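Colleague: I'd like to learn how to read a protein model. Could you walk me through one, feature by feature?

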Amino acid sequence: MQPFMGMGREWGNNLHHRARGDKYIWSVVVLLAIISLLAVYSATGSLAYKYYDGNTSVYLFKQLAFIIIGVLVVFFMHRVNYIIYSRVALWLYLISIPLLVYTLFFGVEVNDASRWIRLPVINLTIQTSDLARLALFMYLSRQLSRKQNDIKDFKKGFLPLIIPVGIICVLIMPANLSTAMLTGLTSLLLMFIGRVNIKHILLVLFVAAIPVLLIVAIAMSTYDGNSNNNSNSHKTIASSLNSMGRFGTWVQRTQDFIYAKDEDIPYQVQQQNIAIANGGVLFGLGPGNSRQRNYLPQAYNDSIYPIIIEEYGLLGGLFIIFLYLVFLFRCIRVFRKCPYAFGAFLALGLSFTLVIQAIANMAVGVNLIPVTGVTLPLISMGGSSFLFTCASIGIILSVARNIEINPAGDELNPQPKVSIAEVDDQKIKAKQEAE
């Protein structure tokens with residue numbers, strides 16, 4: 001066994017040398033992947049038994065395959081010098097726009113929303129908004145790094161940033177309002193850190209709040225609390241607005257969130273609440289013992305967080321939040337140490353979008369915000385969203401890796417730390433040829 005043990009140690013040392021970057025981020029990725037495997041297997045057991053003649057392991061191996069591919073994506077992306085992403089950012093952004101337009105008119109429709117396109121050869125559906133968000137934050141980071149000298153100017157600094165964000169959000173919004181709002185919010189947060197004039201950001205927030213307030217106003221004005229309880233205790237404008245796409249759904253979900261009580265609470269929310277109640281405070285029902293997985297819609301995807309709480313208790317739910325916070329804090333550390341503005345903004349922007357998406361999913365799971373269609377990054381059952389999440393993490397690790405060593409393997413000179421609200425002078429004066 002001695003030669004084999006020597007080979008194992010050599011392989012492990014070689015892997016450790018090649019898989020550089022922030023070890024805490026790597027650890028969070030591994031832990032979330034393990035949790036994903038357990039949670040998806042539990043949430044899909046009954047579904048697999050029903051549709052695959054009693055074989056409950058179908059989705060387990062499918063998720064395992066996605067995790068293996070995802071880890072390979074992370075490894076490959078982190079080995080690429082992050083400067084390359086600056087050079088391809090514009091092309092990816094330009095490609096994502098016609099893809100979003102195509103998806104709106106010819107995409108695969110699921111639950112009255114056209115969010116996916118089907119790849120003809122491998123027969124895999126991908127959500128084009130995931131590619132668009134990744135391309136947007138790469139391009140936005142590039143623009144922020146190049147516009148620091150004019151960042152306070154409305155025409156030279158602000159418009160070149162907000163117009164690309166507006167185009168992507170407008171194209172995503174008809175099919176997925178929640179994703180568009182989260183993308184816009186993350187972009188504005190990144191602009192704030194990039195020293196964009198706060199007045200310009202507030203102006204955008206005011207304009208963006210108008211359609212949201214309009215939806216809330218229509219939901220409140222069309223609510224009828226005196227309707228027959230045997231049908232529904234409130235009427236919505238949704239039935240009369242079916243020809244306007246998802247608008248009626250947005251109004252109905254807003255009404256459900258504000259007014260629904262007792263038996264009028266949407267079925268999904270009821271089952272989520274029951275799952276959380278079953279979990280209790282400490283250790284829950286135990287792995288694989290979920291009861292609501294047989295009743296909760298999308299238990300393996302959008303609603304996987306209540307299943308985790310049911311099986312692992314409140315402590316398990318808090319542990320998931322802790323992992324995402326560790327991931328965010330380590331990415332902030334990468335931002336502070338990165339010597340170039342593009343890499344700093346890129347790591348922070350991608351980490352923000354993943355953590356904010358996770359917060360939104362968990363908030364829906366505990367009924368703090370209306371129902372949305374966002375997944376829990378790295379935990380929900382694998383698909384195109386899972387792979388794009390892995391690509392984003394790989395890019396973050398690429399920035400961390402290039403902070404740790406240069407291509408020759410020498411240690412970089414330590415860079416002075418900077419505050420989150422202000423960009424270091426070295427980042428403002430980054431070499432143009434390197435960007």
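This is a predicted model: local features need pLDDT of at least 70, side-chain atom pairs count only at pLDDT 80 or more; totals for chains, interfaces and linings use all residues.

Colleague: Which side chains meet in a salt bridge?

Modeller: The general idea is a side-chain nitrogen of Lys or Arg within 4 Å of a carboxyl oxygen of Asp or Glu. Here the pair is D130 and R133, at 3.1 Å from N to O. The structure holds one salt bridge, and this is it. Both residues sit in helix α5 (residues 128-146), three residues apart, which is about one turn of the helix.

Colleague: Is D130 buried or exposed? And what about R133, buried or exposed?

Modeller: The cut-off to remember is that buried means under 20% relative accessible area, while exposed means over 50%. D130 counts as buried because its relative accessibility is 7%. R133 has 11%, so R133 counts as buried as well.

Colleague: How much of the protein chain counts as buried?

Modeller: Of its 435 residues, 49% do. The accessible surface of the chain comes to about 21600 Å², and carbon and sulfur atoms hold 64% of that. As for secondary structure, the chain has 14 helices and three strands.

Colleague: Now pockets. What is the volume of the second largest pocket?

Modeller: A pocket is open, whereas a cavity is a place where a probe fits but cannot get out. The second largest pocket has a volume of about 1200 Å³. It is lined by 42 residues, and those closest to its centre are L177, A180, M181, A208 and V212. Helices α6 (154-172), α7 (177-193), α8 (198-221) and α9 (247-259) are the elements that give two or more residues to the lining.

Colleague: Which helix gives the largest share of that lining?

Modeller: That's α8, with 11 residues. Sorted by class, the lining of this pocket has 32 nonpolar, seven polar and three charged residues.

Colleague: Can we try two single residues? Where is S221, and where is S290?

Modeller: S221 is in helix α8. It counts as exposed because its relative accessibility is 58%. S221 and Q255 are 34 residues apart in sequence, yet their C-alpha atoms are 9.9 Å apart in space. S290, on the other hand, lies in the loop between α10 (267-279) and α11 (304-337). At 5% relative accessibility, S290 is therefore buried.

Colleague: Which residues does S290 touch, leaving out those up to four places away in sequence?

Modeller: S42, I307, E310 and E311. For the chain as a whole, take the contacts between residues at least 6 apart in sequence: 71% of them join residues at least 24 apart.

Terms used:
Residues are numbered from 1 along each chain as its sequence is written. Side-chain values use heavy atoms; hydrogens and water are left out. Helices (H or I, at least four residues) and strands (E, at least two) are DSSP runs, numbered from the N terminus. Buried means under 20% relative accessible area, exposed over 50%, partly exposed in between (1.4 Å probe, protein chains only). On a 1 Å grid over the protein atoms alone, a cavity is a set of points where a 1.4 Å probe fits but cannot get out, and a pocket is an open set with protein on both sides within 12 Å along at least five of seven lines; lining residues have an atom within 4 Å of a point. Grid points are joined across faces, edges and corners, and a volume is the space filled by probe spheres set on the points. Ala, Val, Leu, Ile, Met, Phe, Trp, Tyr, Cys and Pro count as nonpolar, Asp, Glu, Lys and Arg as charged, and the others, Gly among them, as polar. Contact means heavy atoms within 4.5 Å. Accessible areas come from the Shrake-Rupley method with a 1.4 Å probe; for residues, only the protein chains shown count as cover.
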